[in-house]
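Dear colleague,

Please find the structure below, together with its sequence. My notes on it follow, and I would be grateful if you read them alongside the model.

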Amino acid sequence: MKPGIHPNYRPVLFHDTSANVFFLIGSTAESDRTYQHTDGKTYPYVQLDVSSASHPVYTGQQRQATTEGRIANFNKRFSGFGGKP
(Lines give C-alpha, C1' and ligand atoms only; values in the text may rest on other atoms or scores of the structure.)
Protein backbone atom coordinates (compact mmCIF):
# COMPACT_ATOMS: atom_id res chain seq x y z
CA MET A 1 0.00 0.00 0.00
CA LYS A 2 1.15 3.53 -0.69
CA PRO A 3 1.92 5.52 2.44
CA GLY A 4 0.01 8.73 3.15
CA ILE A 5 -3.05 8.14 0.94
CA HIS A 6 -5.24 6.03 3.23
CA PRO A 7 -7.65 7.50 5.81
CA ASN A 8 -6.98 6.97 9.50
CA TYR A 9 -8.84 3.80 10.59
CA ARG A 10 -9.43 3.73 14.35
CA PRO A 11 -12.11 2.91 16.94
CA VAL A 12 -14.87 5.56 16.94
CA LEU A 13 -17.72 5.87 19.43
CA PHE A 14 -21.10 6.37 17.74
CA HIS A 15 -24.05 7.55 19.87
CA ASP A 16 -27.67 7.06 18.77
CA THR A 17 -29.33 9.94 20.61
CA SER A 18 -32.91 8.77 20.00
CA ALA A 19 -32.31 5.37 21.65
CA ASN A 20 -29.38 6.47 23.90
CA VAL A 21 -27.21 3.58 22.69
CA PHE A 22 -23.44 3.66 22.12
CA PHE A 23 -21.58 1.67 19.43
CA LEU A 24 -17.80 1.32 19.46
CA ILE A 25 -16.84 0.50 15.87
CA GLY A 26 -13.72 0.82 13.77
CA SER A 27 -14.23 3.67 11.33
CA THR A 28 -12.58 6.41 9.29
CA ALA A 29 -15.21 9.00 10.30
CA GLU A 30 -13.68 12.34 11.24
CA SER A 31 -14.76 14.06 14.45
CA ASP A 32 -13.39 16.91 16.55
CA ARG A 33 -15.35 15.73 19.62
CA THR A 34 -14.25 13.02 22.07
CA TYR A 35 -16.11 11.02 24.71
CA GLN A 36 -15.00 8.71 27.51
CA HIS A 37 -16.55 5.27 27.06
CA THR A 38 -17.45 2.82 29.85
CA ASP A 39 -14.09 1.06 29.40
CA GLY A 40 -12.35 4.25 30.61
CA LYS A 41 -10.74 5.13 27.28
CA THR A 42 -11.46 8.30 25.32
CA TYR A 43 -12.58 7.87 21.70
CA PRO A 44 -13.62 10.17 18.85
CA TYR A 45 -17.37 10.78 19.21
CA VAL A 46 -20.01 10.92 16.45
CA GLN A 47 -23.70 11.64 17.14
CA LEU A 48 -26.37 9.81 15.15
CA ASP A 49 -30.10 10.49 14.83
CA VAL A 50 -31.00 7.00 13.62
CA SER A 51 -29.23 3.66 13.87
CA SER A 52 -30.20 -0.01 13.97
CA ALA A 53 -31.19 0.49 17.62
CA SER A 54 -33.88 3.06 16.78
CA HIS A 55 -34.87 2.56 13.12
CA PRO A 56 -38.41 1.13 12.72
CA VAL A 57 -37.28 -1.45 10.16
CA TYR A 58 -34.86 -3.03 12.64
CA THR A 59 -36.92 -2.57 15.82
CA GLY A 60 -40.28 -3.58 14.35
CA GLN A 61 -41.99 -0.55 15.86
CA GLN A 62 -43.83 2.08 13.87
CA ARG A 63 -43.92 5.77 14.71
CA GLN A 64 -47.60 6.51 14.30
CA ALA A 65 -47.73 9.96 15.85
CA THR A 66 -46.32 11.73 12.79
CA THR A 67 -48.32 9.60 10.36
CA GLU A 68 -51.61 10.17 12.17
CA GLY A 69 -50.94 13.89 12.29
CA ARG A 70 -50.31 14.00 8.56
CA ILE A 71 -53.47 12.06 7.76
CA ALA A 72 -55.59 14.25 10.04
CA ASN A 73 -54.09 17.38 8.51
CA PHE A 74 -54.79 16.07 4.99
CA ASN A 75 -58.41 15.20 5.84
CA LYS A 76 -58.99 18.58 7.50
CA ARG A 77 -57.46 20.42 4.55
CA PHE A 78 -59.33 18.62 1.77
CA SER A 79 -62.60 17.68 3.49
CA GLY A 80 -64.54 20.33 1.57
CA PHE A 81 -63.53 19.06 -1.86
CA GLY A 82 -65.64 16.61 -3.77
CA GLY A 83 -69.38 16.56 -4.03
CA LYS A 84 -71.57 14.64 -1.64
CA PRO A 85 -74.30 12.76 -3.50
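**Overview**

Of the 85 residues of the protein, 16% count as buried, where buried means under 20% relative accessible area, exposed means over 50%, and partly exposed lies in between (1.4 Å probe, protein chains only). The model is a predicted one, in which local features need pLDDT of at least 70 and side-chain atom pairs count only at pLDDT 80 or more, while totals for chains, interfaces and linings use all residues. Residues are numbered from 1 along each chain as its sequence is written, and side-chain values use heavy atoms, with hydrogens and water left out.

The secondary structure comprises two helices and four strands. Helices (H or I, at least four residues) and strands (E, at least two) are DSSP runs, numbered from the N terminus. Read from the N terminus, the order of elements is β-β-β-β-α-α.

**The sheet**

The four strands form an open sheet with mixed pairing, in the order S2-S1-S4-S3. Its edge strands are S2 (21-27) and S3 (34-36), each of which pairs on one side only. On average, neighbouring strands of this sheet are turned by 45° against each other, direction ignored; the axes behind such angles are lines fitted to C-alpha atoms, for helices over the stretch in contact, and angles run from 0 to 180 degrees between N-to-C directions. Two strands are taken to pair if DSSP finds at least two bridges between them.

Strand S1 (residues 10-16) pairs with strand S4 (residues 42-48) in the parallel sense, over four bridges. Across this pairing, leucine 13 stands opposite tyrosine 45 in S4, and histidine 15 stands opposite glutamine 47 in S4.

On its other pairing, S1 meets S2 in the antiparallel sense over seven bridges. Here the bridge partner of aspartate 16 is valine 21 in S2. S1 and S2 form a hairpin with four residues between them. Asparagine 20, which lies in the loop between these two strands, has a positive phi of about 55° although it is not a glycine. Asparagine 20 is exposed, its relative accessible area being 55%.

S3 and S4 also pair in the antiparallel sense, over three bridges. Threonine 34 has proline 44 in S4 as its bridge partner. The hairpin of S3 and S4 has five residues between the strands, and glycine 40 in the turn has a positive phi of about 90°.

How enclosed is strand S1 by the rest of the structure? Six of the seven residues of S1 are buried, so the strand is largely enclosed. Valine 12 and phenylalanine 23 are 11 residues apart in sequence, and their C-alpha atoms are 8.1 Å apart in space.

**Aromatic residues**

Rings of Phe, Tyr and Trp (its six-membered ring) pair if their centres lie within 6.5 Å; planes under 30 degrees apart count as stacked, over 60 as edge-to-face and the rest as tilted. By this rule the count comes to three aromatic pairs. Phenylalanine 74 and phenylalanine 78 form a tilted pair, at 4.9 Å centre to centre and 45° between the planes. Both of these residues lie in helix H2, four residues apart, which is about one turn of the helix; the helix itself covers residues 64-78. Phe22, Tyr35 and Tyr45 form one aromatic cluster.

**A nonpolar surface patch**

Phe74, Phe78 and Phe81 form a nonpolar patch on the surface, with about 360 Å² of accessible area together. Patches are made of residues with over 30% relative accessible area and no salt bridge, like charges being joined within 9 Å and nonpolar side chains (Val, Leu, Ile, Met, Phe, Trp, Tyr) within 5 Å. A salt bridge is a side-chain nitrogen of Lys or Arg within 4 Å of a carboxyl oxygen of Asp or Glu. Accessible areas come from the Shrake-Rupley method with a 1.4 Å probe, and for residues only the protein chains shown count as cover.

With kind regards
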